[in-house]
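Here are some notes to read alongside the model, written for someone new to looking at structures. Keep the viewer open and go through the points in order.

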Amino acid sequence: MLMPRESIVALNEAARNAGAAFVLAVNMGVTTSIFSDFGAKHIISDEDGEPTQMLAVSAAEVVPVTGIVKVDGCSEGGTVLVLTLASDHGLQDGDVVALDDMRGTLSGFNGRQVKVRRFGVVSPTDAKVDLKDVAVQEMLKNTTGEVLKNFQRQYNHYKSEFASSGSEGKFKQREITLFNRLVLDVEADTLDLWREYRSGGLVNSVKPAVTKEYQPFDQSLTFTANPQMMDQEAWHAGAGCWVQLAIAATLRFRESKGRFPALLNEQDAVELAALAKALSEEQKSQEGACWLQKVEWGFPSGEPAEDMEAVEANLKRFSMLFDVELTGMCAFLGGVVAQEVIKKTGKYTPIEQWVHHDDASLVQPGAALGEYAGTRYAHQAAVFGSKFMDDIRNQRVFLVGCGALGCEYLKGLALMGACSGPNGKLIVTDMDRIEVSNLSRQFLFRQPDVGNPKSTSAARVVKGWNPDLKIEALEKGVGVTSEDFFDDEFWNSLDLCWNALDNVIARRYTDKCCLWYGLPLLESGTLGTKCNSDVFLPHLTKSYNDGIETDTNEAQIAMCTLRSFPFLPLHCIEFAKQAYFSDYMEFAPQQYESFRKDPPGFFEQLDSMSEAEQFKSLKMIKGIIELQLSTAIDFDACIHAAFNHYCRDFIISIRDLVYNCDEIEKSTGKPFWTGTKRRPMEAKWESENPPAEAMEYLYATSNCYAFMWKVPFVRNRDAFHQRVVQLRLQVPAWSAPSSGKVETEEDDGEKVDPAAIEALKAELYAVDPNSLAECEAHDFEKDDDTNFHIDFLTASTNLRASNYDIKHTERSTVKVTAGRIIPALATTTAMICGLVDVEFLKLVLGMHKEEGALDKFYNANINLATGLQAMNLFRPEPAIVRKTNLRGSVAEFTSWDKVEIEGEIALKELVKKLESKLGGQLQRLHPVGNDKVSIYDSSQVKMLDWRIDLQDGQAVIEPDEVYSTWPQLKMAVQMLGKLPDGPARKNFENQVLSAAKSLQGVKDNFASHCNSKCSEAYIKVLRPSDEEAEKQKYFDAVLERRNYLPLQADMLTEEGEDADLPLIKYTFR
């Protein structure tokens, strides 16, 4: 509820005097307003919260500025310091960077902040240089001097050709920025120091501080000419003017009457509208003031607004509903305001004073409180009417996910009274259990809930808030493995599906279900301060699957960099997770247990691995077995295993790498350890006085092994230290490696001698698995501080960093990075979920079935970190219409459409029907989402005309395509033309006859298959065998619940192109 003007002004003034931020948020019916004031001077240290760039230096050169060099502010004849970077930058001229990790004589520059400029070259336009071209990228890896020579030669060549051609006009050229290079603005007298650069160095971008001034409430209320609206189109059309004046008029109304406008009071509405128009006239003559003027593309025109009748209607509606607060609107405001408070720290950009949102489409004509007067739902009934309340109470909603988003949605549904009627139902499902890290943002959970299912725990809480809520909590995943539970009857019973998911695969699946069953889908997602929401409406909007989104948003790091030449802390973290933890704690015990429990099954599945994976698996199993043979499995054995890893990973492997690379340097005569290739140093070890870093590693690793072998942990560090010293551990003797291979570029993977694999297999064949002890694999869990996982990764990361003289990483950073923790803020979650709650109300109202539905719904794309730059509501995109480019009756379609064929018929008849209906030649028919198997394949039709025969002792093979299926026939044909009668000839004749028999079998099977009923053909191809009993049972259960088959067809157009086709629903019973 809004406060009186004098109270707001007084509080605002007090906040400004105290140097505090002042934030006001109010929900007035279907209108919301936010005001933010950070005082006369506010310093923003980080405008957007995005991470700064950390760039590794691979070379530093002092180069002359020649005619083709382009550096802002530098003239020809001068010199500049150019850094070559290991990756591209996004910096601008004048940006500031901080230098770090500089070596030798350059170490004095560490911590210094310097300005940078972009480095560019002039290139002839006709040369058409493409920086994405592989050859160009390889060229740019050379020294800057060599790169400039190449560009100069190119420039001279084209300039000479132009001169000799006699062409008129100017020689065309363009400037190309080399984004893997930067010019550092350092003092001229330090350039000689930079000529000594050999390796190392980091460049960290620095964000400049920004100072802003803000107006106090009273002044800003009047002098904001075109206040921002969340709806960008409405903002650019000046809709914020009437909202701003409505607030000012409401405050004046309060001053004159001692109260605010009453709910649904028409007389108050008339008076408020008159006050707003009077205020507009008063402010009209004041420069920069807000008044009811025409706004075009966001610019006030100085002319009166054209449609004053619509403005007056808005003002009256504002007054009638001023006293109303809606659940979704309040959640939205709460999230925005909570985030705004954080900005007082200087992180993120505050809102530019005013932001309004108005959703007039929600208001239902003639809405009245009816039987809901005086109830918890009175405000909703005032906007939507009593019939709406009956409808929302009987909604059937499927909420998929019960994490941060799901908790917010459950709260909203409970407070709105959804699914609380006799026919209503809310089904929520989530397979996860509550973790400690969830408690910071998944507000329905408390400490005692840790370890319990999310869905049942959340359902219990919201049921307590609203006892009428009809809620069913499930712990089932939604996907291709649960279609026996979430079947047609289930999906057809729903009014809508509501996603609260955190992964793309699950989102794509639920979207496919909504497309198939014609259900609306509400979708949203968050990433830190960023969030988005989408409403997908049957046959009206594009679908989620029509867009392109993946879970992979990280740049891949070359494995050779991770394995041999790391230069950033991130490389050490990734290798510790991908190699050390995954191999030692997960892969090795999993493979060992597979061998121990079922040796024949293990060797069978081994063949499906690559040779490198086979070798790794066998070698690790052998190591675990040797450990058991050498000593009893107790905690001392765990220490020995940990120490073996310490020696191998941080001492022996480093010696091997340095030896091999030094040999390369000797043989080539070129320096090897340059740029980002750092010469590593082996870890230290003293058995009587172990280094602290080594002890951290041994402590975590030994206890990880204790878990695997079910040995009691040793958590007391003093006791652990004593045991390590008593074991008098020694680093094994080292000898130079025989192989000098060093992985310096990406290749096809590690090469392994097949004989070595067979030798390891032979050793394992001789092992009696019954004599082996059980070994339990770790399941990585970042949030359990007692399991040593993050301790192991931190110690491994920093030991590797010490090897390569890379900065150490804090445990918290290792946890976030290795644990792939996606930033999730309660503020962002509350805000976006509030907006989606409002879109749900529109679905209950049936707006998606009304004319002009797309103009009544909103999608959102918002970044709470950047103020007015990214707070956008916009209309959903219409459904994408695709053309089949076929002659049939289905010329175009959307993702929501299906081709329906009813009645059980033979497969060949279905093929004919589809070809007739769609107007193309059917190539393949396969299940939806599975193109690896075919129910029908036209390539088999061609085989009906194939011929394999023996005539007069000679093979008849027609056509030559036969050889692609039976390649052995080539040799048979040749030999039958040469060999006389006898055993050898008979052998090749038998090969031909055998192939002929196989071909006839294929023809007979295909004919039988095509003549069989479609459902039988489908079952024959797709039903799992008896050996896969569980899969077979699931297949039967799913098919039993359906009377149709979901199919996809592949067809060619007349031009031979792949046709775009809708899905097929074939009803067979």
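**Notes on the model**

1. Start with a charge on a ring: R717 lies over the face of Y699, 4.0 Å from the ring centre. There's another case at W516, where the charged end of K898 sits over the ring, 4.9 Å from its centre. The rule for a charge over a ring is that NZ of Lys or CZ of Arg is within 6 Å of the ring centre and within 35 degrees of the ring normal.

2. A word on where this comes from. The model is predicted, with local features needing pLDDT of at least 70 and side-chain atom pairs counting only at pLDDT 80 or more, while totals for chains, interfaces and linings use all residues. Residues are numbered from 1 along each chain as its sequence is written, and side-chain values use heavy atoms, leaving out hydrogens and water.

3. Now have a look at helix 16, residues 504-517. (Helices are DSSP runs of H or I with at least four residues, strands are runs of E with at least two, and both are numbered from the N terminus.) Helix 16 has 14 residues and reaches 20 Å from its first C-alpha to its last, close to the expected 20 Å; that expected span is 1.5 Å times one less than the number of residues. Because 11 of its 14 residues are buried, helix 16 is largely enclosed by the rest of the structure. Buried means under 20% relative accessible area, exposed means over 50%, and partly exposed is in between (1.4 Å probe, protein chains only). Among the buried ones are R507, D511 and W516.

4. What happens at the ends of helix 16? At its start, a side-chain oxygen of N503 comes within 3.4 Å of the backbone nitrogen of I505. Just after the helix, G518 takes a positive phi of about 65°.

5. On to the nonpolar cores, meaning sets of buried Ala, Val, Leu, Ile, Met, Phe, Trp, Tyr and Cys residues joined through side-chain atoms within 4.5 Å. In soluble globular proteins, nonpolar side chains tend to be buried together. Here the largest core has 69 residues, and I392, L410, W498, F840 and I862 touch the most other members. Helix 27 (residues 826-844) gives the most to this core, with 10 residues. Another core, of 67 residues, lies apart from it and includes M609, M620, V752 and L799.

6. Which residues does I392 touch? Contact means heavy atoms within 4.5 Å. Leaving aside neighbours within four places in sequence, I392 is in contact with M416, G417, A418, C419, F840, L841 and V844.

7. Aromatic rings next. Rings of Phe, Tyr and Trp (its six-membered ring) pair if their centres lie within 6.5 Å; planes under 30 degrees apart are stacked, over 60 edge-to-face, and the rest tilted. By this rule there are 51 aromatic pairs. One of them is F35 with F217: their centres are 5.3 Å apart and their planes at 85°, so this pair is edge-to-face. F35 lies in strand 2 (residues 31-37) and F217 in helix 5 (residues 217-222), so the pair ties together parts 182 residues apart in sequence. F486 and F490 also pair edge-to-face, at 5.0 Å centre to centre with 65° between the planes, and both are buried.

8. Is R678 buried or exposed? With 3% relative accessibility, R678 counts as buried, and you'll find it in the loop between helix 21 (635-668) and helix 22 (692-709). A polar contact of 2.5 Å joins its side chain to that of D101, and the R678 side chain also reaches the backbone oxygen of D805 at 2.9 Å. (A polar contact is a pair of N or O atoms within 3.5 Å; within protein, one must be able to donate a hydrogen and the other to accept it, and residues adjacent in sequence count only if both atoms are side-chain atoms.)

9. Y592 is in helix 18 (residues 569-597) and counts as buried, at 0% relative accessibility.

10. Last, some backbone spots to check. Most residues other than glycine have a negative phi, and most peptide bonds are trans. The peptide bond from E958 to P959 is cis, with omega near -15°. L264 has a positive phi, near 55°, and Y348 has one near 80°.
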